[in-house]
Amino acid sequence: MKQITNTLVMVRPASFRMNEQTAVNNYYQQKVSLLPAAVNAKAQQEFDNFVVKLRETGVEVIVINDTEEPSTPDALFPNNWVSFHENGDVGIYPMFAENRRYERREDVLETLEERGFQIENVIDYSEAEEEGYFLEGTGSMILDRQNRKAYCALSPRADEELFIEFCEDFEYTPVIFVANQTVNGEREPIYHTNVMMCVAEKFAIVCLEAIDDKKEKKNLLKHLKSDGKEVIAITEKQVTQFAGNMLQVKGHANKKYLVMSSSAFNSLSTNQRNSIQKYCEILHSSLETIETCGGGSARCMMAEVFLPKQ
């Protein structure tokens, strides 16, 4: 099994803005004093620059245009509603915010099939929304595809039973914990696992400070280390700069890159950068508007395609 791919689906925003429905438990979103049209234009510019950088390194980026109607302010984070797997399976996920449910689009799968990717099975969990259970794709779960482990920080957007059901269906070993952040002096669950953790081929970036339970922290480290991963720890402060929201990809001639935002890159210490660069190059792009209003960053914008080609 491959852990990294050179093919990504990315959705170019049409009506990006701060989503009031996700702000209730995404503490990274902030209001800005720009008009919605200006916010969307800036987000589109950041998106386009990011895609150019990825393509220059040889990553295949399949850009899907978001639709004006219905309004989907978070459409540029497709990794929450869909995941693509090497055996031809596709996972479709239940979303916490009602206006995010419109992001799920059949035509995205059709576009991939037109490009020669094979889809065997679609496993759709989205009905769980009706019962009030959520599991937001590779935002809620970090997949170690090679070692068949799935890491999940439980939160209002990551239901434990649903996660275990996913692990049974897709044959992953579940590694479960709670990751918190301090909000107004209180410890609150981090909304998505991929904000505080990234698993690459030979290393993992984790905010260990976020895991308050000693047993859970020990268990997480045991899994990562037993799979031969170097653990690079980041701080809670770095998490607020999206230093956990990273993804390893392949470019030309299988050259490897760790992709992140410029804000994440700038928050890293020299030692942390050196640890990463032992394994791969760093590619970063400015995503300031997207991070500020959307509360998500580089990793959230990339849905990895592992599907077999015909």
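Colleague: Which residue lies over the face of Tyr172?

Modeller: Arg148 does, at 4.1 Å from the ring centre. Keep in mind that this is a predicted model.

Colleague: And what lies over the face of Phe117?

Modeller: That one is Lys309, at 4.6 Å from the ring centre.

Colleague: Back to Tyr172, which aromatic cluster is it in?

Modeller: Tyr172 forms one cluster with Tyr93, Tyr125, Phe166 and Phe170.

Colleague: OK, pairs now. How many aromatic pairs does the structure hold?

Modeller: There are 7. Take Tyr93 and Tyr125: their ring centres are 5.9 Å apart and the planes sit at 15 degrees, so that pair is stacked.

Colleague: Which parts does that pair tie together?

Modeller: Tyr93 is in the loop between strand E4 (89–92) and helix H2 (106–114), and Tyr125 is in the loop between strand E5 (121–124) and helix H3 (137–140), so the pair links parts 32 residues apart in sequence.

Colleague: Is Tyr93 buried or exposed?

Modeller: Buried, with a relative accessible area of 0%. Tyr125 counts as buried too, at 5% relative accessibility.

Colleague: What about Phe96 and Phe134, how are they arranged?

Modeller: Edge-to-face, 5.5 Å centre to centre with 80 degrees between the planes. Phe96 lies in the loop between E4 and H2 and Phe134 in the loop between E5 and H3, so this pair ties together parts 38 residues apart in sequence.

Colleague: And where does Phe96 stand on accessibility?

Modeller: Phe96 is partly exposed, at 23% relative accessibility, while Phe134 is buried at 9%.

Definitions and conventions: Residues numbered from 1 in each chain as written. Predicted model: local features only at pLDDT ≥ 70, side-chain atom pairs only at ≥ 80, totals over all residues. Heavy atoms only, no water. Phe/Tyr/Trp six-rings, centres within 6.5 Å; stacked < 30°, edge-to-face > 60°. Helix = DSSP H or I, 4+ residues; strand = E, 2+ residues; numbered from the N terminus. Buried < 20%, exposed > 50% of the residue type's maximum accessible area, 1.4 Å probe, protein only. Lys NZ or Arg CZ within 6 Å of the ring centre and 35° of its normal.
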